[in-house]
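Please look over the sequence and the model before reading on.

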Amino acid sequence: MKENILKRIAIVPILLVYFLVMYLAIFSDHSPYPGGLSLFGAEENVVEVESNKYIDTFISVQKEGEPDTRAPLILGSSTVTVEVESEKIPEPLMCVDNVDKQVSCKVVGNYDLNTVGTYKLERVATDKAGNTTRFPFTLKVKEKPKDEEQTTSNNNEPSGGTPLLISDAISRYKTDNNKIGIDVSRWQGNINWQKVKESGVEFVMIRLGAQDGFGGECKTDSKFIENFRGAKEAGLLVGAYFYSYSTSLEESIEQAIYVTEVLIKNELEPDLPIAYDWEYWNGFSNRNMSLNDFNDNAKIFIDIMRQVGFDGYLYSSKYYLEKEVWYLGSEYSVWLAHYTKETNYEGDYAMWQCSCTGRVPGIDGNVDINILYK
């Protein structure tokens, strides 16, 4: 009798293991997100495990053994104005190298911050391979304003440009080979998605979330799930984007995993790609990143999106694309931001964000308008 009871007790853990294996096998094979990261309720150490796996197999934008022939990149204003007796000349927007994580950007020429005047100077940066960039600029040292000369901003002054009605955007851009859409986040507030659909909008890119500043945690946009479901129910095609401050491969992997888990746990299946959105440029040069590192962070995010069953976009403005801050290659689709009636960007792009002052029924205030080509 006791032996039978013991046998029954012993078989319980065996059955539990069996059913667990079968459960994982079923969901791995039939998950809508094939490839990896397909487990529901993943354990806390999944980030570390997956990070090691993806880093081990990751292919950098910099080919191994490729010589460094690119000079550092300096981006900044051609005219810099400071008040007399300033302590120093402000740093440029960016002074970075494709390989070196840090590169000095020296100011060459004669100037006196204690003397009002105009000075012709250069910023000069040289990387470890000996490549040098010279960036001419004009320094203007001006008098300190007197108290009565201080001015205040005019709060009544309009900002953001001329509104673009969605009906006008459709008339201007719609063809048989594209779709007209918008992108939204919590900043658009409550949205009437049925009115949006009836206005002629065909798709939407929704902010899934953002990193809470450099080194911060990932947070889901407070309106993401509501917006996603509302847009789907209205019959729109839906994609998403994540606002990143990533400075390492590990952070980008963590963010890709976070994005995937948010979608899976909430049973949300996008129709369109997931975009990697990195656009905080102030202080970029002080983040101990080379441009290769910067591009690799975006690349591994998009690579993971593809491996788990999505495609990925790189979101960027025309300015940074043309300055070759980004150089992932043509196999990585670009979501171009260029607010103009007709873009003159000559590179390839899958989607164009043509306006940030769109007006769409069902949405209060401005919204970005986009054109999807692929």
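The structure is a predicted model, in which local features need pLDDT of at least 70 and side-chain atom pairs count only at pLDDT 80 or more, while totals for chains, interfaces and linings use all residues. Residues are numbered from 1 along each chain as its sequence is written, and side-chain values use heavy atoms, with hydrogens and water left out.

**The chain as a whole**

- The secondary structure comes to 8 helices and 16 strands; helices (H or I, at least four residues) and strands (E, at least two) are DSSP runs, numbered from the N terminus.
- Of the 374 residues, 44% count as buried, where buried means under 20% relative accessible area, exposed over 50% and partly exposed in between, with a 1.4 Å probe and protein chains only.
- Of the contacts (heavy atoms within 4.5 Å) between residues at least 6 apart in sequence, 66% join residues at least 24 apart.

**A sheet of four strands**

- An open sheet of 4 strands runs in the order β2-β6-β5-β4, with mixed pairing; two strands pair if DSSP finds at least two bridges between them.
- The edges are held by β2 (79–83) and β4 (106–108), each of which has a single partner strand, so one side of each is left without a neighbour in the sheet.
- Neighbouring strands of this sheet are turned against each other by 35° on average, direction ignored; the axes are lines fitted to C-alpha atoms, and angles run from 0 to 180 degrees between N-to-C directions.
- Strand β5 (residues 117–126) pairs with β4 in the antiparallel sense over 3 bridges, and Glu122 in β5 is the bridge partner of Val108.

**Helix α7**

- Of the 17 residues of α7, 14 are buried, so the helix is mostly covered.
- Lys299 lies in α7 and counts as buried, at 10% relative accessibility.
- Not counting residues up to four places away in sequence, Lys299 touches Phe58, Ile59, Val61, Leu328 and Tyr332.
- Gly309 follows α7 and has a positive phi, near 110°.

**Aromatic pairs and charges over rings**

- The whole structure holds 22 aromatic pairs; rings of Phe, Tyr and Trp (its six-membered ring) pair if their centres lie within 6.5 Å, and planes under 30 degrees apart count as stacked, over 60 as edge-to-face and the rest as tilted.
- Trp281 and Tyr320 form a stacked pair, 3.9 Å centre to centre with 15° between the planes.
- This pair links distant parts of the chain, 39 residues apart: Trp281 is in the loop between β12 (274–277) and α7, and Tyr320 is in helix α8 (residues 318–322).
- Trp281 is buried at a relative accessible area of 9%, and Tyr320 is buried at 11%.
- Tyr315 and Trp335 form an edge-to-face pair, 4.9 Å centre to centre with 80° between the planes.
- Tyr315 belongs to strand β13 (residues 312–317) and Trp335 to strand β14 (residues 333–337); both residues are buried.
- Ring pairs also link a cluster, whose members include Phe214, Tyr243, Trp281 and Tyr320.
- The charged end of Arg123 sits over the ring of Phe137, 4.4 Å from its centre; this requires NZ of Lys or CZ of Arg within 6 Å of the ring centre and within 35 degrees of the ring normal.
- The charged end of Arg186 sits over the ring of Trp187, 4.0 Å from its centre.
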